[in-house]
Amino acid sequence: MKRLLVIIILIIFSCKTTTENKEDAYNWHSRMVTASAYNSLEYQTDSDPNITAFGDSLQPGLKYIAVSRDLLALGLTHNTPVIIEGLEGIYLVKDKMHSRWKNRIDVYMGEDVKRAKKWGKKRVCIDYGIPIDD
């Protein structure tokens with residue numbers, strides 16, 4: 001129930017302001033980014049398409065994203081929870097993109113190339129949680 005309340009609050013304030021829920025372990029922030037999709041296929045990544053730049057293993061069906069390196073400085077670091085406009089659930093930052101990309105995320109879509117192409121490239125609002133220091 002608490003998680004549903006946080007999501008509703010995030011939707012209401014999405015991309016308008018920073019939200020904070022004292023009962024949650026995160027300070028939530030919003031940002032407009034360009035979002036594309038990628039697959040764990042060798043021709044899209046490298047010779048080991050199931051291993052991320054952080055060293056995590058990718059498995060189809062998991063909710064993961066890669067972020068451009070400029071977003072790392074904003075707190076979108078390894079395992080940061082992210083809510084993406086137009087997609088259900090909470091995604092985790094598990095990969096980093098090439099340094100040529102700015103203000104961008106890549107949504108992991110397993111090996112489903114058709115789904116990734118259907119998603120395409122679009123501007124979306126994301127909400128991301130920065131852990132509250134105790």
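Predicted model: local features only at pLDDT ≥ 70, side-chain atom pairs only at ≥ 80, totals over all residues.

Modeller: Residues are numbered from 1 along each chain as its sequence is written, and side-chain values use heavy atoms, with hydrogens and water left out.

Biologist: Where is T34 found?

Modeller: Helices (H or I, at least four residues) and strands (E, at least two) are DSSP runs, numbered from the N terminus. T34 lies in strand β2, residues 26-38.

Biologist: Is T34 buried or exposed?

Modeller: Buried means under 20% relative accessible area, exposed over 50%, and partly exposed in between, with a 1.4 Å probe and protein chains only. T34 has a relative accessible area of 18%, so T34 is buried.

Biologist: Which residues is T34 in contact with, leaving aside its neighbours within four places in sequence?

Modeller: Contact means heavy atoms within 4.5 Å. On that basis T34 touches N103, R104, I105, K121, K122 and R123.

Biologist: Which strands do bridges join to β4?

Modeller: Two strands pair if DSSP finds at least two bridges between them. Three bridges join β4 (residues 81-84) to β5 (residues 90-96), running antiparallel; I83 has I90 as its bridge partner in β5. Three bridges also join β4 to β7 (residues 122-131), again antiparallel, and there V82 is partnered by Y128.

Biologist: What do β4 and β5 form?

Modeller: They form a hairpin with five residues between them, and G86 in the turn has a positive phi of about 95°.
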